[in-house]
Amino acid sequence: MAGLATTFGSGAMTNSIEEIGRADVILVIGSNTTEAHPQVARRIFSALDRGSRLIVIDPRRTALARRADIHLQHRPGTDIPLLNCLMRLILDDNLHDDVFIEHRTENFNELRDMLYRLDPTEKAAVANVPPAQLKKAAELYGRANKAVICYCLGITQHICGTDNVQTIANLAMLTGNVEKEDTGVDPLRGQNNVQGACDMGALPGVFPGYQAVSNEAVRAEFSGAWGRDLPAEPGLTILDMTHGGGKTVKGMFIMGENPLLSDPTLEKVRNTLENLEFLAVSDIFPTETAELAHVVFPAASFAEKTGTFTNSERRVQMVRRAIEPIGECRTDSDIICALARRLGYEMNYESSAEIMEEIALLTPVYGGMYHDRLESSWGLQWPCFNRSHPGTVFLHKYNFARGRGCFVPAAHQMPGEQPDEEYPFLLMTGRVYHHYHTGAMTRAGNILNRESPEALLEINPVDAESLTLASGEMLNLATRRGTIKIRALISEQVAPGMLYTSFHFTEAPINLLTNAASDPKAKCPEYKICAAQLEKIN
Amino acid sequence: MKGLILKKDNLVPLLRKIRKGGKLVAPVQNRHGDTLFEVIDDLDRQQLDLEHQAQSSLKPFFFPQNDPLATYNCAEDYSFEPVVSAEPTVYFGLRSCDLTAVLYMDVIFSQNGADTLYFARRKEAILISLGCNQPFAHCFCNNTGSGPFLEYGFDLQFTDLGDSFYVEADRARGEELLERWSYFFTPADEDDRKKQYQAVLEARSNFRRTVHVDPAVKRLAADPDLQPVWRELSDRCQDCGGCAYICPTCTCFTIVDQPLAETHGIRLRQWDSCTFSGFTRMAGGHNPVNHAEQAIRRRFLHKLKIDVEKHGRPSCVGCGRCVDICFGGVDMIRFIAMVNDLKLPAEEK
Amino acid sequence: MTMYLPQMAKIVKIIRENPQIKTFVLEFRDKEYNKSFSYEPGQFMMVSVPHCGEAPISFSSSSTRPGTIELSVRLAGKLTGAMHRLQPGAMVGLRGPYGIPFNMKELADQNLLFVAGGIGLAPLRGVINYCLDKGGYGRITLLYGSRSPDDIAFKTDIDLWRKNGVDCRLSVDTATEGWDGQVGVVTTLLSGLEIERPRSSLVCGPPIMIRFLLPELSRMGFRDREIITTMERHMKCGIGVCGHCHLDNRLVCVDGPVFDLAQLKELAVEELGELT
Amino acid sequence: MAEILTTCVYCGCGCGLYLRVENGRVTGSSPSRNHPVSQGNLCVKGWHIHEFIHSPRRLTRPLIRRKDKLVEVDWDEALDFTAESLARLKEKSGPDSIGLLSSAKCSNEENFLLQKFSRAVLGTNNIDHCARL
């Protein structure tokens, strides 16, 4: 997200989901769309039926890749050199959009210079991608009338995640595929309200609406509204806290998260949580994290409360109470307000609509979001500045949020960890269709759990043969950080030397293994790549 | 049977009467613009919608997505207590396809003994259908023998004649209803009957899609092994199960125990879909139906071949709902077109 | 619900047949029901275990020995796992009997070849005992394949059958010390075997065994109608409604589980490969 | 029986779906036909979203750790204990000794309140959530 904010001025999906289906060329990179964002995949399928073309860039031969006109199956961690090579080919073929570059962007020369001096190592990094395929992809994207790029955590969960995103933005601007309807750059959000949680300032450096805590004027405004002096220094990120060993922070309040399954290098997380002087958890299920808490609050589920979620396309929409909270559960709002009052701060809201009124007051992009408006519509897409504003279907219409789009060239960076003799495999992690995040909810369901009852490790038939491995056999999967037991699934979806599995299963907690090396700007850990070894369990 | 006429002004007053002593279920357009079958608690506030196709059929009312079969106790002793719940309900405004689907479910749920839960609800139900003067976007009930108007099977069938409804009864419960509330109705005259006939004729010419169901059924009877079709459709399928869930005649289910505590729980019947891989997976992991292609084959052959053999008609009622919803375009209309496009092996030579 | 309502039955006794298989001797709690309950060889019951739902289990007993019924259960999934943890005196739920049985009338006076692999002997055990108890059947031969000598189940039964003139031949996939019998898959036991007409073969075992055995039997001259087997499927209702146990255009629960090769040849059954 | 329109929580697409409620229990879900994202269908997760709501594994009472075990307590006790613990930490080690994790699964309103709680009530910017995970 930091990436798009730098280049475009706003870090969100520029399009609406519906627009993706209207593009002539769709480039999907680092997204297993059919499984993780089925509704986006649906738009891609219908676009294909109407004659649109699809380019998939993914180390795995996913279901979507099988339907693509071109599938570039590159090595994980080589997105930047691949995209740089693509851009160079576009430049060479004169398929870039001169007019757009001149009028709507800045810093193009720096990108051009870099592309012309493209390091041979960059070319070598993508040596396994057939040049003809690369050329075909460059032509397809370069010649497209309307092209969109969709990406997901396959791009951001790298040590160079921010640079990855900026390189994607470079490609879109180079060809003038932003600022117009049905063109753009679309980060698909992993969780239902990631967008909203970011928008609402659940981040260490910003207030709601991405207003920096370090900005004095902003702070003065919030301070005025809330009647307290507010801290100016940006706070700690999630990994600073959960990997801090109980020293960075001594007490934690965790609402609806399960870092003890979702965060990388779980041993460190466990060590931290066990060393905290105080840990309070609010959740709907007794999670691994809650097991270690001093206090656990039973929270109401989405079916038991009213409020709003913001989806990937920036659409703020209602979630409505269908039943009363079960047992003695309370909504997280009630819990926070009750705690605030006990700490001597009057926090009283008659409804979530009243909270939204305060949000609208303090958050310019949410300035026109009121529950009554959201009630009588299918929600509103931010920015929506005031009550009469209709919301925004696609971003940067005729104008980037930051003025001109800024090219930020980036060079290839080696992943935090590479396969070696001891750990010869490259392990990638991601989602499966039937489960969501740490599985607390989906695994409680009969059909979902039946359809996908356990974690499976995808391994190429070639590797399976050399290990005399059959599908269904149990393996010890190890990295420098730990070992888990997991069942093998022989699959041509992964290339030789690659392994893939999901992170939903508490029985096979993959994040015991993952690398916490993270992107210096976005602080996003490199979940997608680590070096691993395998051993058959007899 | 001779028809009757109900002035449209009298519809709500009539529904108010027949609702007494039970529930009324009818299509309602909610404030979000979706049309659903809902229980009508307030005839003055809930807006009947006789213009749009309801997004789901009546299936969930007779065969809910989660249906408790029994509660069980396993504290000291192990025992089951059956759960049966049904109350008299009038269903108004269902379309011919949905009514045909209910009649089909009647057949399915009476195989090897009448299904207690289903028929408890079914026996309490009065079905008042509304013929379709104007079929919806993906409708093809004229090709599946399930509409736009029906000859039989309804308790009452309404035909929209502009400012009035032409009303026919087919079953005794419909006749009783007409008799009980006779003062709302006037006898139809020759002119009304002509108008009704005209509406039926016009409706038949109003279909926007032509779907050649019979040739496809014949083709499948002759040769059900259509590998290219199964392959393409299984590639497109995104495994949501939506086609089976939305289909008014899909009745596959699973039975599971839902523990409520150590000592007791509920035994539930839940919707299931033959396209799911877990549908056929056995304990221990062996799956005799291993490929997505096989699952897709199963689904379409069941609808257009096996049910023709077993029950004399395909179990597709032409409602078109699967066309609207499928992520990958794995729907009945596409399937039938693909089947009819395939050349018979004999023709290829 | 009544059609789905189980009858409660008490576990009277548990016999461990091998490390994976236990035989549960059961008695319906309702005395009258227990008395009037009857079933036929090849049929199955839907078994309920607390919190685990239901699973189909074939009778391993014969109705010629009334008073109790026996279900032999192999440890495979959640329900069978829970069942294996039960102790005598515990209750399970049972509904049935379901399915088309072996046609015992038609088999009368015939020489019968039983071929079983692993837990596949459980339903055939019921048939063999039925034949022995009723009398009026020809020579009985049993070929039984197990993974290893330790995996041979129903040993007491096999001893008794031998005493009663049943020709029992055993094989194991992998021998251990002390095993001096046949080694190899069960099909190896077929070589040199002569069964005179009228005859039938009754085959029960894992899909892979059936797949290789059926063509072998055909090669030996068994006619399609003389080769009878049982098919296994995931099942939920047992009464032909839920759809899970489909076998091409049939449902195993009501059209099976017993099928002869002539029937199977008309169906597309993936796990059996091309049957010609 | 009632059909309540709400928003799916299983991914960033944000489908509009109906929860079917019977006698206080959610017994099914179905897509909204006119919702701009769901357009009449859900993925397999959305169709089964009701399954977890009444799971017996749900937490239904506040818990406090006593001698290494979490035991059920009433709300006042849990809230009082939490407020006291947070106040003590703030007093002893300063506001930045406390960290808060908000959730990408909670509503906007709840996220807003928690960051307000963090900044205005506790006085720390140590608030984050798992956007990157």
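Trainee: In this predicted model, how many bridges join strand β1 of chain D to β2(D)?

Mentor: Strand β1 of chain D covers residues 2–7, and β1 and β2(D) run antiparallel. One of the pairings places D:E3 with its bridge partner D:R20 in β2(D). The number of bridges that join β1 of chain D to β2(D) is six.

Trainee: Which residue takes a positive phi in the hairpin of β2(D) and β3(D)?

Mentor: This hairpin has two residues between the strands. The phi in question is near 50°, and the residue that takes it is D:N23.

Trainee: Why is strand β2 of chain D largely enclosed by the rest of the structure?

Mentor: A residue counts as buried if 20 or more other C-beta atoms lie within 10 Å of its own. Strand β2 of chain D spans residues 16–22, and it is largely enclosed because, of its seven residues, those that are buried number five.

Trainee: On the side of chain C that touches chain B, how many residues are nonpolar?

Mentor: The contact takes 40 residues from chain B and 36 residues from chain C. The elements giving two or more residues to the side of chain C are β4 (54–58), α2 (78–84) and β6 (91–98). That side has six charged and twelve polar residues, while the nonpolar ones number 18.

Definitions and conventions. Residues numbered from 1 in each chain as written. Chains lettered and ligands numbered in written order. Predicted model: local features only at pLDDT ≥ 70, side-chain atom pairs only at ≥ 80, totals over all residues. Buried ≥ 20, exposed ≤ 12 C-beta atoms within 10 Å, placed from the backbone. Helix = DSSP H or I, 4+ residues; strand = E, 2+ residues; numbered from the N terminus. Pairing = 2+ DSSP bridges. Contact = placed C-beta atoms within 7 Å. Nonpolar A, V, L, I, M, F, W, Y, C, P; charged D, E, K, R; others polar.
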